[in-house]
Amino acid sequence: MINVHLVPHTHWDREWYLPYQEFRIRLTRLVGKLLTILERDPEYVSFHLDGQSSVLDDYLEVHPEDRERLKSYIAEGEIKVGPWYVQPDEALVSGEALIRNFQLGIRIAEEMGGCQRFGYLPDMFGHISQLPQILAGFGMEEVVFWRGLGDVVNKSNTELRWQGADGTTMFAYRFPNAIGYNSVFRLHADLDKAEQQLRELLDVHLLPPTQAASVLVMVGVDHMEPQDNLTEIIRQLAPKFPGYKLIHSTMERFLAETRADVEKKGASLYTAVGELRDTNRSTDGAINFLLANVLSSRMPLKQFNAKVQHELEKWAEPFSAMWHGMGGAYPDKLLGQSWKYLLQNHPHDSICGCSRDEVHRQMITRFEWAQEIAQQLTDESLRSIAARIDTSALPEEAIVFHVFNPLEHSRKDAVTVELLLPDVDANIRFFEIRDSEGRLLPSQWVDLKRELIAGNHPDAEVRDLGLLDAAVPPEEKGILVGLAYVRKATVRFAPYELPALGYSTFTAVPVRNAARDERSLVDGHALENEWLRVEANRDGSVQLWDKATGRKYENLLVYEDGGDIGDGYTFSPPLFDELFTTLGLQASLSVAEDGPARGTIRIEQSWQLPVGLDNDRRRRSAAKRECRLTTELSLGRNDRWVGVVTRFDNQVDDHRLRVKVATGIQSEQSWASSAFDIVRRSTKIVQPASNQWIEDAVGALPNQGLAGVTSACGAYGFAIAPYGLPEYEATPQGELAVTLVRSVGYLGSPDVRTISGGAGPQFATPEAQCQGELVYRLALIPLAGDELQTGEAWRKSAEHHLPARAVQMRRHTGTMPLVHSFASFDRPDNPIVLSAMKKTEARDETVIRCFNPTESEHTVTLRLDRPVQEAYMLDLEENRKGPAQFASSDNTALILHFKPKQIITVETVRGD
């Protein structure tokens with residue numbers, strides 16, 4: 001007997017080829033119809049509401065009167081929701097964002113009656129290496145997926161196993177290639193046609209690849225309303241299928257029965273390992289595209305996403321938690337709202353940039369809301385901490401400021417501070433910057449401008465400490481409290497060291513008569529410090545000397561521009577493409593900044609590029625237009641990486657711009673940061689066979705801020721650290737290329753050549769051309785030895801991505817020292833990375849989450865700045881799993897044993 005599990009469902013894209021509100025209108029009608037069916041038909045078993053809980057929020061905002069009805073049906077299992085809040089793109093969001101997505105989705109579903117507990121990945125464009133460990137952290141043991149499997153399909157049945165980077169292995173079911181999550185959109189009311197539908201499904205798609213006595217029929221498709229006559233059709237079809245049992249079922253029941261069946265039979269299941277990110281390589285492929293180039297669609301969205309994730313994960317949450325540990329209030333509701341706005345931009349069609357223009361305009365607003373909340377909460381927490389620091393012994397004439405470091409390691413890279421001065425002209429030649437021990441530091445004055453500031457803090461005393469003069473209170477007719485005109489002086493300096501996850505205090509004294517520090521890092525059109533020398537050539541390309549290895553790298557930062565007739569999903573060069581590079585293009589070189597703390601070389605070029613495509617879209621147009629290209633190279637006194645800022649005035653259409661770094665390091669593999677991991681990937685591109693082809697295999701690969709190559713001997717390597725630029729490519733010859741922009745004009749191109757038929761409707765999307773000035777940041781990082789295993793590569797990239805921040809306060813008494821670390825690891829060279837520090841969701845304690853991205857085991861001691869009463873190991877849902885191990889009798893340090901690629905979450909409980 002074969003059990004045929006028929007699961008009615010919809011796949012709900014919150015926004016895509018229609019904007020959010022238009023799709024929400026359809027959602028209200030879908031859910032309303034579903035409630036009507038459930039009330040009318042007692043035999044209607046269940047409806048799968050696409051594994052995400054945001055649909056409940058979106059519906060109930062319009063129909064709050066249906067809350068109790070929905071809760072009742074969810075509690076009875078007649079509507080299935082969760083565990084996601086939204087179905088994201090796994091590669092384009094941070095690991096922490098994936099965890100918060102599950103936490104929010106599960107919480108909403110449980111509050112509404114119950115949550116599904118399996119990984120539902122029906123339409124994601126590839127799968128990250130650490131998702132099995134993340135799913136297991138929420139108690140999930142099964143996963144369902146479709147895209148990105150490549151040759152796995154030829155080696156496996158529909159039942160298989162998936163092993164994550166850390167070894168976590170779980171039962172997996174893959175949707176059949178040709179039909180995916182849409183076995184049948186609707187069953188025909190005509191029984192003969194319905195019988196034909198089902199027989200074709202069984203004979204062609206479902207029975208051949210299975211080892212189990214159960215098959216899955218998904219009834220529904222994108223945005224499809226439930227079929228109101230489904231139970232009657234199933235009942236009438238049953239007699240026509242002897243030897244089969246037709247079951248109106250659920251995904252959970254199907255997975256449980258199938259898994260039990262294959263385990264009972266002792267069936268040999270293929271194990272897919274790690275990241276699953278390949279195009280179709282089987283002959284039955286249809287629309288199971290990988291769509292790799294969504295990594296570079298609408299790049300400004302990706303950059304904004306990185307900015308907000310960093311603000312929440314590295315600033316607002318950890319420093320709010322530190323302030324909470326000092327007795328302050330933790331703004332959990334506001335942080336939760338910021339996270340929700342951010343997560344609402346993470347559905348795969350949203351963050352991938354493959355939707356209508358209206359969708360992506362609205363995403364910018366949500367990013368802005370999330371950023372505004374997070375940034376204000378960061379400022380409040382930093383100022384609250386600073387208000388507790390005792391600065392009363394510092395010189396009265398000095399400007400006092402505190403520099404905060406969000407990284408889990410100490411650092412020495414250059415710091416930028418904006419000093420507030422009275423709104424009067426002053427004959428200041430430079431500033432003397434000293435640390436709390438009175439040591440004079442290399443510094444330079446960069447800028448001075450008049451600005452209206454708004455002191456904004458819930459505590460008026462703390463607010464006023466951050467102003468040059470106390471604000472006029474409302475009692476004395478103070479209006480717009482905290483607003484003041486000041487002169488803002490931008491100063492850069494090189495500290496001796498900033499402590500991990502903490503702060504240092506500095507003073508600035510305006511100097512009017514003495515000569516400034518004349519030491520320089522600039523040598524002509526080159527920059528040099530103790531570790532590196534970087535020099536700009538006349539065509540704007542760059543040479544870099546790594547003094548640690550003695551290696552010289554040439555022809556770095558060469559820009560390449562080619563045509564693109566593709567769309568929001570796919571890069572596709574025109575049939576007769578023409579490539580342009582900046583090699584040999586005359587550049588204007590100048591020194592933009594010169595001082596003892598940092599030097600900057602500016603490279604300016606005028607680049608004539610084709611204005612777009614010819615009318616037949618087979619070649620780039622003969623007409624050209626000027627696009628200004630400016631590159632700034634920066635090197636700090638203590639930096640072991642070169643900062644790069646690129647400004648490109650995009651005045652042309654239908655093209656792809658990349659920056660190339662020719663390392664000369666031949667390698668069969670590249671590596672890149674991913675969620676909780678460093679992933680190694682082949683540098684060779686193997687195209688599918690002609691009878692398997694539905695899209696080109698491409699070299700476009702994801703990174704989350706770090707990518708590179710290492711020499712075969714392991715003695716040296718080279719990395720790039722792109723900020724919010726998630727698409728890179730590496731060749732066997734060691735050339736690294738980072739995509740800066742893909743300018744395209746369609747959601748789905750009418751004539752794309754690198755994919756069969758295209759992936760989306762052919763709506764024009766003129767805003768996807770990304771016109772205007774575009775700004776990019778990245779770092780060049782030469783490596784000595786295996787700096788992946790020591791964590792040095794990650795640490796250098798983090799210094800670039802997360803510069804320290806300064807807060808100026810007037811002198812005052814306090815209880816905190818001038819230099820302090822709230823938490824740190826015992827060994828500065830360990831590779832462990834901090835992912836989160838925050839308050840627990842359900843308790844008033846602190847969560848610290850770290851991970852080991854290497855292939856080696858590591859044991860580290862996490863030192864805390866104060867004793868804790870208890871400490872626990874947590875799962876990702878923040879359930880306590882057992883006590884953590886203290887390293888000392890005073891309960892100020894924890895011992896953490898990391899297996900390769902392991903994520904560890906601990907909770908510290910404060911004493912009374």
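Which helices do the buried residues of helix 2 pack against?

1. Before the answer, a word on the model. It is a predicted one, where local features need pLDDT of at least 70, side-chain atom pairs count only at pLDDT 80 or more, and totals for chains, interfaces and linings use all residues. Residues are numbered from 1 along each chain as its sequence is written, and side-chain values use heavy atoms, with hydrogens and water left out.

2. Helix 2 covers residues 54-62, and its buried residues are Ser54, Val55, Leu56, Asp58, Tyr59 and Leu60. (Buried means under 20% relative accessible area, exposed over 50%, and partly exposed in between, with a 1.4 Å probe and protein chains only.) These buried residues pack against helix 1 (20-40), helix 3 (67-75) and helix 4 (95-111). Helices here are DSSP runs of H or I with at least four residues, strands are E runs of at least two, and both are numbered from the N terminus.

3. Take helix 2 with helix 3: their axes come within 10 Å and cross at roughly 150°, so helix 2 is roughly antiparallel to helix 3. The contact (heavy atoms within 4.5 Å) is made by Leu56, Tyr59 and Leu60 of helix 2 and Arg67, Leu70 and Ile74 of helix 3. Those residues split into five nonpolar, no polar and one charged. For the classes, Ala, Val, Leu, Ile, Met, Phe, Trp, Tyr, Cys and Pro are nonpolar, Asp, Glu, Lys and Arg are charged, and the others, Gly among them, are polar. On angles, axes are lines fitted to C-alpha atoms, for helices over the stretch in contact, and the angle runs from 0 to 180 degrees between N-to-C directions; under 35 degrees is roughly parallel, over 145 roughly antiparallel, 65 to 115 roughly perpendicular and the rest oblique.

4. Further along, helix 10 (residues 299-325) and helix 11 (residues 332-343) have axes that come within 11 Å and cross at roughly 165°. Helix 10 and helix 11 are therefore roughly antiparallel too. Among the residues making the contact are Leu312 and Ala316 of helix 10 and Leu335 and Trp339 of helix 11. The residues of this contact divide into six nonpolar, four polar and two charged.

5. Have a look at Arg492 in strand 16 (residues 483-493). Arg492 is buried, at 11% relative accessible area. Its side chain joins that of Thr416 in a polar contact of 2.9 Å; such a contact is a pair of N or O atoms within 3.5 Å, where within protein one must be able to donate a hydrogen and the other to accept it, and residues adjacent in sequence count only if both atoms are side-chain atoms.

6. Ala592 sits in strand 24 (residues 588-593) and is partly exposed at 34% relative accessibility.
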